[in-house]
Each structure stands twice: as structure tokens, then as C-alpha cells.
Amino acid sequence: MIFEAILLTVITAATPLVIAAFGELVTERAGVLNLGVEGMMIMGAVGAFAAAQATGSPYIGLLAGIATGAVFSLLFGFLTLTLVTNQVATGLALTILGLGASGMLGESYVGIPGIKVPQIYIPYLSDIPFIGPVLFHQDLVFYLSIALVIGINWFLFKSRRGLKLRAIGDNHSSAHALGIDVIRTRYLAVMFGGACAGLAGAQLSLVYTPQWVENMAAGRGWIALALVVFASWRPWRVLAGGYLFGAVSIGQLHAQAFGIGIPSQFLSMLPYAATIVVLIIISHNRRTTLINTPASLGKAFVPDR
Amino acid sequence: MRIELEKRPQVSKLFGFVSPLLALVLTLVAGSIMFALLGKDPVGALNAFFVEPLLEIWSLHELAIKAAPLILIAVGLSVCYRSNNWNIGAEGQFTIGAIAGSILPIVFYDWHSPLVLPLMLIMGAIGGALFAAIPALLKAHFNTNEILTSLMLVYIAQLFLDWLIRGAWRDPKGFNFPVSRDFAPEAVLPAIWEESGRAHWAFIFAILAAILVWFMMRYTLKGFEVVVLGQSERAGRFAGFSSRRMIWFSFLLSGALAGLAGISEVSGSIGHLQPAISPGYGFTAIIVAFLGRLNPLGITASGLVLALTYLGGEAAQLSIGVSDKVTRVFQGLLLFFVLSCDTLIFYRIRIVWSRVQVVTGKVAQ
């Protein structure tokens, strides 16, 4: 039973990381490096919380989270794609603005009890021992995250549009010469990344800890960015990495609850330290990272007309 | 409607100067819209935010206090960014610098000597540099993304400070509050001009750092190396410059300056260690660096502007009752506008209303 309970908390902790990282994976596959995940996530969290409070419906909250993330990411899209600003700096600006704006918008929601997204009971399947509660008695966001993995994997590697998107990420000039609309695809990819980050934020404020706390993303957006590198831009590895990090951050909480003799601050460092260690292991082999990195990642594109 | 960019044949000198000013104006416009949406009188709010803090001597001192860490950190970051090394963990290097410099006044509090303060400053700078050496080592030898590692280290540094303050370094006479013991008088950074306000020597360090780095970038081979490697690693390699050595150089320099800022802030302004020692100076310094065009002299000016947003935020909180988060929003907006206005330096912007019109126009000719 304890194992089951731990597994459930790991899933809840991993879901926002997986969703945000998937969004960023698609954005980066299109050649755009958006470092604003943390900002989009926290905006999604506050947007979702506010909408759920206003309507009383957690599902409208989720939709609002997605919309907030997507609209907020347009700001980044306009700057980097239309005005060709530096992507790294613009992403940082998005995070700084998101942290400030979300704190301002959310000020009146501090301390208000949140509305939780209910778990969905599936007849028969939810009753299977162990597998039932873990896999079939979850909230909608968990199912969405699984659908995203399957859907995105298919989209990127089996569909024509996915092939075009990857082509743009690998060589935007050639893609442009072939008549693919680079800017439009990149706008859509950025917005998709924003929508995913928004949903991930909504999961935080409507599922994980159903309340609004300032800075509640607590670096998860950055961990999601690290996950994309960890996964070397492959969807299934994002899923595996997300669950690994979910396990690390939950393991840290359980260790604190068991009263292990290590100060809680050091246990809290674990997810961040683990991120660094994983990055080292993945980046160590220069050749494998170079093969998988989208070749025009982070490079500005100005069409010659 | 479409926006098209047309590359300028030459970089526009005019816009190089105008664009930061334009960004400031646009930020003020966006800010007044924001205040109006919040139901405040925009003119009064902007006045309280950006003008009133400049009208009194003591608050000019406060401005210098807040500008000092921003300028110190941003000057270091400008060398990093110019050389294409993305250190965004200055907040962590600031924290570790503050901790390393505080070893003397907290652990060896019985040792009284005029040497204490200089040693503290040196140790702070070394602490910051050592902490910045971690992402540098990882980037130089394992090809690890320095953006992510330096940022993860910020969280680790803050947790480490929290642990110190709640554990070994907690003041035994502090009524169980998470603060360290107060620094002895000889461990406190002195004020520059005590009769009129609190501004301390950190501001002088900041100005000195800006001038020295400006000189280095402008007149020395090292500065040339930074720029060449930043623009093209390949070209730099042909010139015999090592990008690996540049990673070390830029990270150690920026880490040392951030660490110096950290210990100066703790010793000059706060007087002890506590869990929160920075209102995000390390991140705001990124904006300062860009607003100052990655030029140390420009950074000195932009550091004062960003310091004003902190000061104005505090003042506006009291006088017109807006949240202190408005500060962060202003800072974010400013960075956005700076980046977008910089486009004007390299490109002409044309708004094309309709594609069809252009085509028919050509046919008519």
C-alpha cells in the first residue's frame, strides 16, 4: 500500500515536468530555444487558479491555464520570430516578466483554498488491484500527459507536418527554400510549447497543491528545460526522465518525513543536483549530443524576400 | 498585415543610442497603462515610482546602495555574454560570496583587526569565483549547458545559506530567529559620506570595476579576445585564442564580481546573514547588462535606472499601495522593450499591409 501511495505521488510530481518538457521539445525541434518555460508555467498556474475560482470549474481552469500559457508565449514569439531578438535573452525576459506578473495577479488569491481537478473513476479498470488506482484512477491531466507522449511521438516522426517541423529545426534556410513557411510553423511551435507549459502550471495550482503560492513553479520550468537536453530531443526519453525526476523530488519529501538524519535543505537540493549530474552524463559525449540537437536551435531566421 | 525586416547596410549609430531611451519611454507607457488598469492615477503613480525617490539626498544614497550590486554583477556578466558564455547563475554566486566573506565575522568573531574587512572582501570574491567555476568546469570539460547548470546552482546556494542560518551559524542570542550574529564594527563596510546617508563603499567598487573592465574591453588584447570568440568561435581559434580558457576567464571574473557584490551587500547594508539577502539582484543584473548594451559604462547608467525600479517599488508600495511585485513587472517589461528596440539598430522595419497590393503594384509598373 505504501509503495502504491508513493507511486501515486511520483506520478503527480512527474506530470507537470513531462508536459512542460514535451511542449519545449516541440518548440526546440522547430529550432526555437524558449527559456521562458518557468515564466509561462507560473502564468498558467495563476491563470488556471483564477479561472477556476471565478467559475467554480476546475476544467475551465485547465483550459484557462493552457490559453494563458499560449498567449503569453506569443510575446516571446513576436520578439524572437518577427523582430529576431536574441532567443536566450528574450526567454529570460519572459521568465522575469512572468514571475512578476503572476505575483501581482495572484496576490488576492494567496491563502484561498483551491479547487482540485477530480480524479476520474473508470468502471472495472479502476478496480484492478494496484494497476487500477495507479493507472486508471487519475485526474484528467495525467491522461492528457500520456496522450501527449503518444500524440507528439506520432506527429514528429510519422506525420508530414512533423517532418517539416523537424526540417525547419535542422536547417531553416533549406526549409525556407523548399517553400515551407518557417516563421508560421515556428509561431505554432512556440504557442504549443506555451500551451503545454500553461497546462503544466495549471496542474500545479489545480492538482499538485490546489492553491496559489507565489513562485510555486520553484524551478520546475528550468528542470523541464534540462529534461529536453537529458532526453536528447526524443519524446520517450522525456517521459522516462520526467518520472525519474518526479521520483527524486518525491523521494526527498518521503526521506524528510521518515526523519533521516540529513538536514532538510540538503534533501531539497537533490532535484537540482540530480539535474546537474544528469546533464553532465548526457552532455559528456559530444558526438551523441551533436547528432540529436536540432542544428539551427537558437539561431535567428530572417527570410530573404 | 505583416512586419518585414530589412537588413540595414550599416549598423545604425543613431539607434544604438536612441533604442535604450525608446525602451525606457515604452516601458513608462506600458507602466502607466498597467497602473490605470489597477485603478491608480498613472501620472501620480509614475511620479511616486520614478521621480520622488530622486528628490531627496538620503534616497539618492539608497539608490547608490541598490545600484552597486547591480553594476558589479552586470559588469561581470557583460564579459560573459560578450564572449558567448551564458552565466545566469549570478544570484547563486552572489549568495556564496556573501557566505564565504562572512566566515571571518561569524566564525572568527573574536578576531579584531583592521585586516578583517579587506580579507572578507577577498574571500567573498574568491567564494563567488569558485562557485562560478563549477558551471565553467562543466562547460569546458563536459560540454554541459551552462545556462541550466548555473541556474540549478542558484537554488542549491540558497538552500545552503538557509541551512547555515538555521543551523551552525544561527545567532545564539537571536531569539531563535534565523539570523546570524551581527557583524562587529570593523567588519562593516564604511559609508562614503556619512553625514548625508548610508551609501557605502560598494558603490565605489562598482564604479572601479566598470572602469577597469571598460578599459580591458577597449584597450587590451584580452578584450579583443572576448569579442572575437563571442562573435565567432572558429575565427577565434584561427587567431590562436582558446575558447576553453575564455569560458574559465569569463566565469571566474563574473563570479568574483558577483561574490564581491554579495559580501559588500551583507557587510555594508544588512550587517548580518539572513535567509533572504538579495531581492533578485543576480537576475535583475541580466537586464542591467542588456540595457547597458553590454558596455561597462552603459551598465553604470542602466544599473542606476534599475536601482530606481527597486526604490520606486518600495516607495510606491507605501505611498500608493501597489504591490512590490510591480517592480518585477517593470523590470521584465523593460528587458522586453530593450530587446525589441535593439532590432532597430540592425534592421529597418517595414509594415506591409497586404501582400496582394505589392504584387499588383509591380504589375502596374
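How much area do chain B and chain A bury between them? About 4,200 Å², 80% of it on carbon and sulfur atoms; buried area here is the accessible area (1.4 Å probe) that two parts lose on being put together, summed over both.

This is a predicted model, where local features need pLDDT of at least 70 and side-chain atom pairs count only at pLDDT 80 or more, while totals for chains, interfaces and linings use all residues. Residues are numbered from 1 along each chain as its sequence is written, chains are lettered from A and ligands numbered from 1 in the order in which they are written, and side-chain values use heavy atoms, leaving out hydrogens and water.

**View 1. Where chain B meets chain A.** Here 44 residues of chain B are in contact with 48 of chain A (heavy atoms within 4.5 Å). The two chains share 2 salt bridges (a side-chain nitrogen of Lys or Arg within 4 Å of a carboxyl oxygen of Asp or Glu). In one, A:Glu214 pairs with B:Lys325 at 3.3 Å between the closest N and O atoms. A:Glu107 joins these two residues in a salt-bridge network.

**View 2. B:Glu62 with B:Arg198.** Their side chains form a salt bridge, 3.0 Å from N to O. B:Glu62 is buried at 13% relative accessible area and B:Arg198 partly exposed at 45% (buried is under 20%, exposed over 50%, partly exposed in between; 1.4 Å probe, protein chains only).

**View 3. B:Asp162 with B:Arg166.** This salt bridge also comes in at 3.0 Å between the closest N and O atoms. B:Asp162 is buried, at 18%, whereas B:Arg166 is partly exposed, at 39%.
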